[in-house]
Amino acid sequence: MNFDYTLQTLDGIKQLHLQGRLDSATSMALEKTINTLFESNQERALIDFSGLSYISSAGLRLILVAAKRARQCGGKLILCNLAPTVREVFEISGFLKIMETADSQEAAIALLQAA
Amino acid sequence: MSTTAVESDGKRLLLDYVMPSQVRMVESLAEIVEGAIGDRPDLAFSTTICLEELITNTIAHGLGNAPDHSIRVRILRSQEGLEISIKDDAPAFDPFHDAPLPDLDGDIENRTVGGLGLHIVRTLMDEAWASYDGTGNLITLKKNFR
């Protein structure tokens with residue numbers, strides 16, 4: 001399956017790195033991890049899209065779930081390194097109006113540390 | 001599958017592919033589409049995402065997730081752009097007519113992804129419509145070259 005991810009916690013910030021294609025066939029593989037991303041109050045996390053070449057509405061649904069959970073637990077979620085085509089899908093979907101993005105992982109971490 | 005170029009009405013056949021009605025097949029379809037429109041990665045991306053949204057919609061809502069149907073995908077290229085068609089053997093079903101309009105302006109708590117797939121299709125394509133011919137539904141998409 002052409003999708004993979006890694007999750008690590010550094011200095012209290014969860015970092016989820018996505019690789020490959022997040023589509024109807026592969027999004028199931030990420031669902032459980034997305035659901036555990038914001039388990040405790042005021043959790044801070046970034047999702048790094050630098051390795052992601054493709055996302056469809058099935059993948060967008062998971063990102064929306066993460067954003068909702070972040071809001072519910074008083075936490076913060078930053079999306080970073082969106083490729084132009086992936087960013088276009090986020091823009092069409094109206095997600096850029098309700099989610100915070102950064103151009104690099106360093107910028108995302110800086111925003112989360114300031115939160 | 002045949003990818004032989006055929007001239008018809010000034011149109012070139014880039015892809016004629018029959019796939020089973022299974023969501024897991026969208027990934028191999030994406031690779032095939034990227035191979036057929038390899039010279040325009042931007043168009044390949046738009047075509048792939050629209051095909052995925054419409055085919056998964058057809059499988060879930062038109063075919064009730066039955067895995068043993070066939071879906072035929074054709075891509076034609078003309079001077080003006082791409083013409084993409086999806087033919088199924090499901091009962092009459094118009095995804096564009098029945099789709100809920102997504103709420104693009106709500107805040108995070110109130111947002112859902114319902115209708116988002118078809119909204120993506122309508123935004124990325126210049127024309128999109130569906131018809132029923134007695135044997136199945138034919139969805140046609142047009143994407144003009146800019």
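User: What makes β1 and β2 of chain A a pair of strands, and in which sense do they run?

Analyst: In this predicted model, strand β1 (residues 3-10) of chain A and strand β2 (residues 13-22) of chain A are joined over 8 bridges and run in the antiparallel sense.

User: Why is helix α1 of chain A called roughly parallel to helix α2 of chain A?

Analyst: The axes of α1 (residues 28-36) and α2 (residues 57-72) of chain A come within 9 Å and cross at roughly 5°. Angles under 35 degrees count as roughly parallel, so the crossing makes α1(A) roughly parallel to α2(A). L30(A), E31(A) and I34(A) of α1(A) make the contact with L62(A), V65(A) and A66(A) of α2(A). By class, the residues of this contact are 5 nonpolar, no polar and 1 charged.

User: How do you know that chain A is as compact as a globular protein of its length?

Analyst: The radius of gyration of chain A is 13 Å, close to the 13 Å that the globule rule gives for 115 residues, so chain A is as compact as a globular protein of that length. Its C-alpha trace spans about 35 × 25 × 20 Å along the principal axes, and 43% of the 115 residues count as buried. Among contacts in chain A between residues at least 6 apart in sequence, 73% join residues at least 24 apart. The chain has 4 helices and 5 strands, which run β-β-α-β-α-β-α-β-α from the N terminus on.

User: What radius of gyration does chain B have, and how does the value compare with that of a compact globule?

Analyst: Chain B has a radius of gyration of 15 Å, and a compact globule with 146 residues would have one near 15 Å, so the two agree. Along its principal axes, the C-alpha trace of chain B spans about 50 × 35 × 25 Å, while buried residues make up 37% of the 146 residues. Its secondary structure comes to 4 helices and 6 strands, in the pattern β-β-α-α-β-β-α-α-β-β along the sequence.

User: What makes β5 and β6 of chain B a pair?

Analyst: Strand β5 (residues 127-132) and strand β6 (residues 137-144) of chain B run antiparallel and are joined by 6 bridges, and because at least two bridges are required, they count as a pair. A128(B) stands opposite L141(B) in β6(B). These strands form a hairpin with 4 residues between them, and G134(B) in the turn has a positive phi of about 100°.

User: How do you know whether G117(B) is buried or exposed?

Analyst: G117(B), which is found in helix α4 of chain B, has 26 other C-beta atoms within 10 Å. A residue is buried if 20 or more lie within that distance, so G117(B) is buried. Leaving aside its neighbours within four places in sequence, G117(B) is in contact with S57(A), E53(B) and N57(B).

User: Which parts of chain B supply the side that touches chain A?

Analyst: In all, 21 residues of chain B are in contact with 19 residues of chain A. Helices α1 (26-36), α2 (41-62) and α4 (116-124) of chain B each supply at least two residues of that side of chain B, and the largest share, 5 residues, comes from α2(B). By class, the side of chain B that touches chain A has 10 nonpolar, 3 polar and 8 charged residues.

How values were computed. Residues are numbered from 1 along each chain as its sequence is written. Chains are lettered from A and ligands numbered from 1 in the order in which they are written. This is a predicted model: local features need pLDDT of at least 70, side-chain atom pairs count only at pLDDT 80 or more; totals for chains, interfaces and linings use all residues. Two residues are in contact if their C-beta atoms, placed from the backbone, lie within 7 Å. Ala, Val, Leu, Ile, Met, Phe, Trp, Tyr, Cys and Pro count as nonpolar, Asp, Glu, Lys and Arg as charged, and the others, Gly among them, as polar. Axes are lines fitted to C-alpha atoms, for helices over the stretch in contact, and angles run from 0 to 180 degrees between N-to-C directions. Angles under 35 degrees count as roughly parallel, over 145 as roughly antiparallel, 65 to 115 as roughly perpendicular and the rest as oblique. A residue is buried if 20 or more other C-beta atoms lie within 10 Å of its own, exposed if 12 or fewer, and partly exposed in between; C-beta atoms are placed from the backbone. The radius of gyration is taken over C-alpha atoms; the globule rule is 2.2 Å times the number of residues to the power 0.38.
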